[in-house]
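Dear colleague,

I am handing over the structure we spoke about, and below it you will find what was found in it. Please read the notes with the structure open beside them.

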Amino acid sequence: MVLFGGTFDPPHVGHLTMAQLAWEQTGADEVWWLPAPVPPHKAHQQVDDYGGRVEMVRALIDGYPHLRLCDIEASLPKPSYTVDTVRALQTLHPRVSFSFLVGSDSLAQLPNWGRAQELARAIPFWVAVRTGWPFDETYAASRERLPELRAERLEMPILDVSSTFLRERLARGLPVCGLVPDRVLRVWNKIHA
Ligand code: ATP
């Protein structure tokens with residue numbers, strides 16, 4: 001199983017593409033999306049309500065039966081780090097082998113995540129490259145601080161799209177040109193009505 005954690009505020013075609021390609025390239029049965037209730041590194045930022053982001057992710061992955069929402073993080077004691085989620089899922093599904101999907105900007109940040117050494121030991125990573133964070137250099141730099149880190153690069157064209165860019169456009173009432181699919185936009189409009 002591939003685990004895909006994120007804020008998804010809002011979820012966009014970059015997320016959808018990397019999840020689909022991860023499913024194709026890893027041979028995993030499914031990709032499980034894990035929206036973070038309030039991600040520790042984004043506590044300073046105004047983040048849309050968890051339920052709303054869950055609904056947007058559901059809308060994004062509608063029609064992709066191998067992509068599934070997993071809301072386990074809602075029920076874990078706070079503050080909960082990614083490693084707590086991974087451990088909880090590994091305990092619940094002892095026969096399943098898990099990997100974790102991130103963008104290369106997150107690969108660069110991994111050494112700063114809570115209990116990063118334990119996380120690196122617990123699960124291997126698949127990485128979608130983002131502008132400014134080339135895979136080899138980023139992996140090498142993170143590995144200096146996390147010697148047990150295991151990561152592989154996903155074959156994927158760089159899609160230079162972020163939730164930050166889309167939040168700004170949505171806040172100004174500007175079109176997002178399909179980068180947030182219409183089915184997701186309908187949920188966003190409902191939340192922000
Ligand atoms: P923000 O702009 O608010 O930081 P984001 O677009 O990076 O948001 P997140 O929900 O934080 O979206 O991302 C979840 C995961 O997906 C992270 O590991 C991030 O690196 C990765 N990711 C997001 N967008 C892309 C993209 N376009 N290409 C590759 N990886 C991406």
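N189 counts as exposed because it has 11 C-beta neighbours inside 10 Å, where exposed means 12 or fewer other C-beta atoms within 10 Å of a residue's own, buried means 20 or more, partly exposed lies in between, and C-beta atoms are placed from the backbone. Please keep in mind that this is a predicted model, in which local features need pLDDT of at least 70, side-chain atom pairs count only at pLDDT 80 or more, and totals for chains, interfaces and linings use all residues. Residues are numbered from 1 along each chain as its sequence is written.

N189 belongs to helix α8, residues 182-191 (helices, H or I with at least four residues, and strands, E with at least two, are DSSP runs numbered from the N terminus).

Turning to the sheet, 6 strands form an open arrangement in the order β3-β2-β1-β4-β5-β6, with parallel pairing, two strands being paired if DSSP finds at least two bridges between them. Because β3 (67-69) and β6 (151-153) stand at the edges with a single partner strand each, one side of each has no neighbour in the sheet.

Strand β4 (residues 99-103) is joined to β5 (residues 125-128) by 4 bridges, and to β1 (residues 2-6) by 3 bridges. Within β4, F100 stands opposite F125 in β5 and is also the bridge partner of L3, while V102 stands opposite V127 in β5. Since 4 of its 5 residues are buried, β4 is largely enclosed by the rest of the structure.

With best wishes
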